[in-house]
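Subject: Structure for you to look through

Dear colleague,

I am handing over the structure we spoke about, and I would be glad if you opened it beside this message. My notes on what was found follow below it.

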Amino acid sequence: MGQIHALRPTEGPPAETGAAPAPRRGKLTIRGLSKSFNGAVVYDGFDLDLPLGSFISIFGPNGCGKSTLINMISGLAPMDAGQALYDGRTIGETNISYVFQNYREALFPWIRAIDNIHYPLKVMGVPRAERKRRVEALLAEFDVKFDLAAYPYTLSGGQQQTVSILRALVTEPEVLFLDEPFSALDYEMTLFMREQLQKIFMKRSITTLLVSHDLEEAIQLADKLVLLSRRPTRVAEIVDIALPWPRDGAATTSEEFTALKRRCLDTFWREVKAAPEPS
């Protein structure tokens, strides 16, 4: 399993490790990925190449295995067969962080928000003074305006998810996984969080893989959009998103954005209406 530093409270801590390695470029290479659940084939010999250093959104029909894909290539779930390599290195050799959909389960409710952010550094054995320096630098960079001395359950949903994202970033990951991170937030907070996520990517260029059920969100945030098919899942299309950064709400009404969305919808509906392959 990779070095994942954003765990659910019910999971054990990650193995101790040293400082995060320098960011790498190259490719995320997925080969021969296979996965079945109770005899139902989700992936069967699935291959995919993606550039590291990019923001990649994953979108497709309900039940096609979007979350399953990132769970497997992040090391959270086992593969039946296959491998994922990050610039030729295994998951275990790659510094990974993961932000879960359900922020209420992802944070430790019995410790304050600031201590949740410190937690992965503490597990890694980072000295107290260095932990303090890194956390303070991160908070200054992203201008957090709410009280981090509060317990998570006293914070709003958006504030809790912000804490989850900061905890994921404090380890300086090479790859950041986001599993529908805004789906439980109201629309106003979702728009705000999209803007924050863009700022993070523009400042740090962390390889980011986002699973989203919202096509507009998937396009707005991505360099590349991976459109998946029905099961057994394959890549229906990879769409390059060459829109300028940052992309505010007005960008989503531009002619270029509308054309990209129409193209993606055409592919999506073709896959939704496709007859399922025989098992």
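Both faces of strand β7 are covered, since Val175, Phe177 and Asp179 on one side and Leu176 and Leu178 on the other are all buried, where buried means under 20% relative accessible area, exposed over 50% and partly exposed in between, with a 1.4 Å probe and protein chains only. The strand spans residues 175-179, and five of its five residues are buried; helices (H or I, at least four residues) and strands (E, at least two) are DSSP runs, numbered from the N terminus.

Before you read on, please keep in mind that this is a predicted model, in which local features need pLDDT of at least 70 and side-chain atom pairs count only at pLDDT 80 or more, while totals for chains, interfaces and linings use all residues. Residues are numbered from 1 along each chain as its sequence is written, and side-chain values use heavy atoms, with hydrogens and water left out.

Next come the neighbours of β7. Strand β6 (residues 95-99) runs parallel to β7 and is joined to it by four bridges, with Ser97 standing opposite Leu176; two strands pair if DSSP finds at least two bridges between them. Strand β8 (residues 207-211) also pairs with β7 in the parallel sense, over five bridges, and here Phe177 stands opposite Leu209. Between β7 and β8 the chain passes through helix α6 (residues 187-204), and this β-α-β crossover is right-handed, that is, with the strands pointing away from the viewer, the path from the first strand over the helix to the second runs clockwise.

The structure also holds 14 salt bridges, each being a side-chain nitrogen of Lys or Arg within 4 Å of a carboxyl oxygen of Asp or Glu. One of them joins the side chains of Arg194 and Glu216 (3.4 Å, N to O), linking helix α6 to helix α7 (residues 215-221) across 22 residues, and both partners are buried. Glu216 also meets Lys261 in a salt bridge (4.0 Å, N to O), a pair 45 residues apart that ties α7 to helix α8 (residues 255-273). Lys261 is partly exposed, at 29% relative accessible area, whereas Glu216 is buried, at 19%.

A further salt bridge is formed by Arg270 and Glu271 (3.9 Å, N to O). Finally, salt bridges that share partners join Arg194, Asp214, Glu216, Glu217 and Lys261 into one network.

With best wishes
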